[in-house]
Every structure is written in C-alpha cells, then in structure tokens.
Amino acid sequence: MSKRFEQVCLSLLGVGLIVLMAAIVAQVVCSALDINPLVAFESAHLLIGDAITLNTLLDFQWHLLVITGLLPAGLVWLMDRHVRVDFIYEARSPKTKARINLIGNLLFAVPFFVLVLPAAWSFMLRAWTSDEGSRNGGLNNLWLIKSIIPLGLGLLALALVIETIRLLKAAR
C-alpha cells in the first residue's frame, strides 16, 4: 500500500474528526441557546428530512464517530499500528513476531469475524428493509450509516486476510 494513499485516507479521516468536533460544539451552543430546530425546509431531503434539529446533530455525531473509528481500522491494521501486548512481543525475532501475530489472528480475529460479519450485515439489512429513521427528529435513512458497519468490518477482515498471508510467508 502506498504511503500517499495512506496519508490521503488518514487526512480525510482527520477532517472527519474536525467536523465531528464542530458538530459537537454546534450542538452544545444551540442547546445552551435553546435553538431547535436549527434549519427547517419546505420539503424533506435525503438523510436529514425536513429540518436540522439538535437530534440531527446528535445522530450526525454518532455517524461520524462510526465512520472515523471503523473505516480506518483495516488501514491501521495493515500499517501495523494496532494495539498489542508489546512486552511479550518486542524482544522477539521477526520470525517469532510473525508466528505470534499469526496465532493471534487465527485464535482471536478469525472467530470474531465469523460471528460479527453476518450480524453486522443483518443489522444493516433490517434497517434498510424497514426504512429505519430516527424517531426523535434526527437523521433519516439510518441504513446508510448502518452499512458502514459491515463495510468497515469487511475492510478490516480483508486486511486480516492480507496480513495473515504475509505472516504465513514470514513465519516460515
């Protein structure tokens, strides 16, 4: 994976975090000033409906949190910047490190993905088939954000497969 691609992805996610912070500040300020709704529209729009309310901002914050937290997980995994128990790991040879990572992937990550990927897909599919929206004047079309969950987990699973293939070669 190219360094340029990594930097662009991480920069976009950094912008997402700044937007998340701005949404939090806007919600706090509007709540303190008792401004609700913030903007009303004559007709409904995709995702936001017919008004932007405090609940819209709250839902938006949750959406951005999912996007900035889950989508980069596969990239972070491939960059080898994920959390591990380094005191067991750091003094080992590269071959031993590869074996430790391989065992960790097979023992923990594979069973996790076997359980969570079908559940995440089902979760998103239920929201899509029921045309789920916020009950309190928040965002509509919640299947859009719920689709990020299986997408992000799928990208992370793909990163796991790529890394496991690398580890199999390195462990020999």
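Is Phe112 buried, partly exposed or exposed? Phe112 is partly exposed, with a relative accessible area of 42%; buried denotes under 20% relative accessible area, exposed over 50%, and partly exposed the range in between (1.4 Å probe, protein chains only).

The model is predicted: local features need pLDDT of at least 70, side-chain atom pairs count only at pLDDT 80 or more, and totals for chains, interfaces and linings use all residues. Residues are numbered from 1 along each chain as its sequence is written, and side-chain values use heavy atoms, with hydrogens and water left out.

**The aromatic pair**

Rings of Phe, Tyr and Trp (its six-membered ring) pair if their centres lie within 6.5 Å; planes under 30 degrees apart count as stacked, over 60 as edge-to-face and the rest as tilted. The structure holds one such pair.

**The nonpolar core**

Next, select Leu70, Trp77, Leu78, Ala109, Phe113, Ala120, Leu153, Leu156, Ala157, Ala159 and Leu160, the 11 residues of the largest nonpolar core. A nonpolar core is a set of buried Ala, Val, Leu, Ile, Met, Phe, Trp, Tyr and Cys residues joined through side-chain atoms within 4.5 Å. Helices α3 (73-78), α5 (94-129) and α7 (148-171) each supply at least two of its residues, and α7 gives the most, with five. Helices (H or I, at least four residues) and strands (E, at least two) are DSSP runs, numbered from the N terminus.

Centre on Trp77: leaving aside neighbours within four places in sequence, Trp77 is in contact (heavy atoms within 4.5 Å) with His82, Asn105, Ala109, Leu156, Ala159, Leu160 and Glu163.

**The hairpin**

Move to strands β1 (residues 39-45) and β2 (residues 49-52), which run antiparallel and are joined by three bridges; strands pair if DSSP finds at least two bridges between them. His45 stands opposite Gly49 in β2. Three residues separate the strands of this hairpin, and Leu47 in the turn has a positive phi of about 75 degrees.

**Helix α2**

Finally, select α2 (residues 54-70), which contains Thr56. Its buried residues, Thr56 among them, pack against α1 (3-32), β2, α3, α6 (143-146) and α7. Thr56 has 4% relative accessibility; beyond neighbours within four places in sequence, Thr56 is in contact with Ile48, Ala51, Gly137, Gly138 and Leu139.
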